[in-house]
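Colleague: I am new to this one. Can we go through it together, step by step?

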Amino acid sequence: MRLRWPSCGGRDQSVWIEQAKGVLVATRGVSPDAAFQQLRNQARSSSRKLADLAREVVQAAQRERVAALAVDDARVRAAEGRAREAEQALVAAQTGLARRTAALDRAQDGADERERAADTRNHLADQRDQAADARERTARETE
């Protein structure tokens with residue numbers, strides 16, 4: 001139901017009443033006839049005109065709707081802020097991970113280089129041992 005802002009003239013009074021009935025039907029889940037009876041009973045018990053009470057009901061519903069929209073907007077903005085913060089944290093974590101991965105790669109490269117150097121030293125030591133063994137065999141054979 002679309003709420004309008006009519007002026008307070010004779011014919012417009014019925015518009016306020018109809019809109020107020022619609023508000024009560026929507027918010028309280030009552031029938032249009034029951035909503036009208038509630039409005040009429042409340043107007044009588046407070047010694048007020050039905051149209052004035054109806055206008056206040058409609059305006060209060062509009063204020064509540066505007067307030068609810070403002071709360072929803074605030075929640076959306078807060079959620080968007082949290083999402084931005086989470087995204088920034090993710091980017092920072094990814095950057096940190098990339099740095100740690102690069103450092104690990106450099107460390108692995110260094111370990112590989114040290115292993116190759118050790119293999120080379122072992123190979124040279126094996127060659128020296130073979131040469132020494134060959135010299136010993138030659139020396140024994142010549143004796």
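Colleague: Where is Ser-47 found?

Modeller: First, the ground rules: this is a predicted model, local features need pLDDT of at least 70, side-chain atom pairs count only at pLDDT 80 or more, and totals for chains, interfaces and linings use all residues. Residues are numbered from 1 along each chain as its sequence is written, and side-chain values use heavy atoms, with hydrogens and water left out. Helices (H or I, at least four residues) and strands (E, at least two) are DSSP runs, numbered from the N terminus. On that basis, Ser-47 sits in the loop between H2 and H3.

Colleague: What is the phi of Ser-47?

Modeller: Most residues other than glycine have a negative phi. Ser-47 is not a glycine, yet its phi is positive, at about 55°.

Colleague: Is Ser-47 buried or exposed?

Modeller: Buried means under 20% relative accessible area, exposed over 50%, and partly exposed in between (1.4 Å probe, protein chains only). Ser-47 has 68% relative accessibility, so it counts as exposed.

Colleague: And Lys-49: buried or exposed?

Modeller: Lys-49 also lies in the loop between H2 and H3. Because its relative accessibility is 60%, Lys-49 counts as exposed.

Colleague: How many helices does the protein have?

Modeller: Read along the sequence, the pattern is α-α-α. There are zero strands, and the number of helices is three.

Colleague: What radius of gyration does the protein have?

Modeller: The C-alpha atoms fill a box of roughly 140 × 25 × 20 Å along the principal axes. The radius of gyration is taken over C-alpha atoms, and the globule rule is 2.2 Å times the number of residues to the power 0.38. A compact globule of 143 residues would come out near 15 Å, but this protein has 44 Å.

Colleague: Which residues does Val-57 contact, leaving aside its neighbours within four places in sequence?

Modeller: Contact means heavy atoms within 4.5 Å. With those neighbours set aside, Val-57 touches Ala-20, Val-23, Leu-24 and Leu-39.

Colleague: What volume does the largest pocket have?

Modeller: On a 1 Å grid over the protein atoms alone, a cavity is a set of points where a 1.4 Å probe fits but cannot get out, and a pocket is an open set with protein on both sides within 12 Å along at least five of seven lines; lining residues have an atom within 4 Å of a point. Grid points are joined across faces, edges and corners, and a volume is the space filled by probe spheres set on the points. For the largest pocket, that volume is about 200 Å³.

Colleague: Which helices each supply at least two residues of its lining?

Modeller: The lining includes Val-23, Leu-39 and Val-57. The helices that each supply at least two lining residues are H1 (10-28), H2 (32-45) and H3 (50-142).
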